[in-house]
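Biologist: I am new to reading models. Please take me through some backbone and packing features, one at a time.

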Amino acid sequence: MALAQPEPGGMLQGRTDPRIEARTGPLRGTLATTACMETLQVGYLHAVAAAAGCSLSQPFPDNGIDWQVNHGAPDHVVDDEVTIKVQLKATYQIPPRPAGPTFAFTLDNEHLVKLARTPVAVHKILVVMLVPRERDQWLAAGHDRLDLRHCCYWTNLAGHPVTGRRRTTVRIPTTRIFDDRALCEIMTRVGSGGTP
């Protein structure tokens, strides 16, 4: 009597699961795309903060601000540790490498009012992540790297006016890529008593 040997993936030779044949990639969970986008941008923020030597904390409840980033350095003038507040947003509606010096992003007025308030004790920035529409394009891993796609951009909206009835379109500079160097520069400016 001959026994069928299982294949490395667990199926018996010559037999396939029709559900697996119908899809072209791995079986992904059913979590909503927007929830997955939030998780991806948090991963991006964590990676940037780690490379910049910053610590993170998450207010609970968040009250409109997602994260606080702390940067300790003896060269800071105002304190040995400075903090900024970060509001994260993500979209797949804007293609990678936006053309021009800025791209448009729409915020609920309630969020804009919080981000635009001035003067403040703790500065705030908006970080917008552009992601591919398809989740299977969000990241690629290799032996020497982990690539997250596409990019995060940051801006300081202090003093920005509310112009829409419920939502306002703001302009995000394409030169302000949010990475570890940008975060260190932001913290250096804040640590010397300036703005992000």
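Modeller: We will go through peptide bonds, phi angles, a helix pair and one threonine.

Modeller: This is a predicted model, where local features need pLDDT of at least 70, side-chain atom pairs count only at pLDDT 80 or more, and totals for chains, interfaces and linings use all residues. Residues are numbered from 1 along each chain as its sequence is written, and side-chain values use heavy atoms, leaving out hydrogens and water.

Biologist: Which peptide bonds are cis?

Modeller: Most peptide bonds are trans, and most residues other than glycine have a negative phi. Here, the bond from F60 to P61 is cis, with omega near -10°. P61 lies in the loop between β1 (55-57) and β2 (67-72). Helices (H or I, at least four residues) and strands (E, at least two) are DSSP runs, numbered from the N terminus. A cis bond also joins R149 and H150, with omega about 0°. H150 sits in the loop between β7 (145-148) and β8 (151-155).

Biologist: Where is N63, and what is its phi?

Modeller: N63 is not a glycine, yet its phi is positive, about 50°. Look for N63 in the loop between β1 and β2.

Biologist: Is N63 buried or exposed?

Modeller: Buried means under 20% relative accessible area, exposed over 50%, and partly exposed in between (1.4 Å probe, protein chains only). N63 has 59%, so N63 is exposed. Now take R97, whose phi is also positive, near 50°. R97 is in the loop between β3 (81-91) and β4 (102-108). R97 is exposed too, at 77%.

Biologist: At what angle do helices α2 and α4 cross?

Modeller: Axes are lines fitted to C-alpha atoms, for helices over the stretch in contact, and angles run from 0 to 180 degrees between N-to-C directions. The axes of α2 (residues 33-52) and α4 (residues 180-191) cross at roughly 65° and come within 8 Å.

Biologist: Which residues of α2 and α4 meet?

Modeller: Contact means heavy atoms within 4.5 Å. V48, A49, A51 and A52 in α2 meet D180, L183 and C184 in α4.

Biologist: What does T91 touch?

Modeller: T91 is in strand β3. Its relative accessibility is 9%, so T91 counts as buried. Setting aside neighbours within four places in sequence, T91 is in contact with M37, F105, V128, M129, L130 and V131. The T91 side chain also reaches the backbone nitrogen of Q93, at 3.0 Å.

Terms used. Polar contact = N/O pair within 3.5 Å; in protein donor to acceptor, adjacent residues only side chain to side chain.
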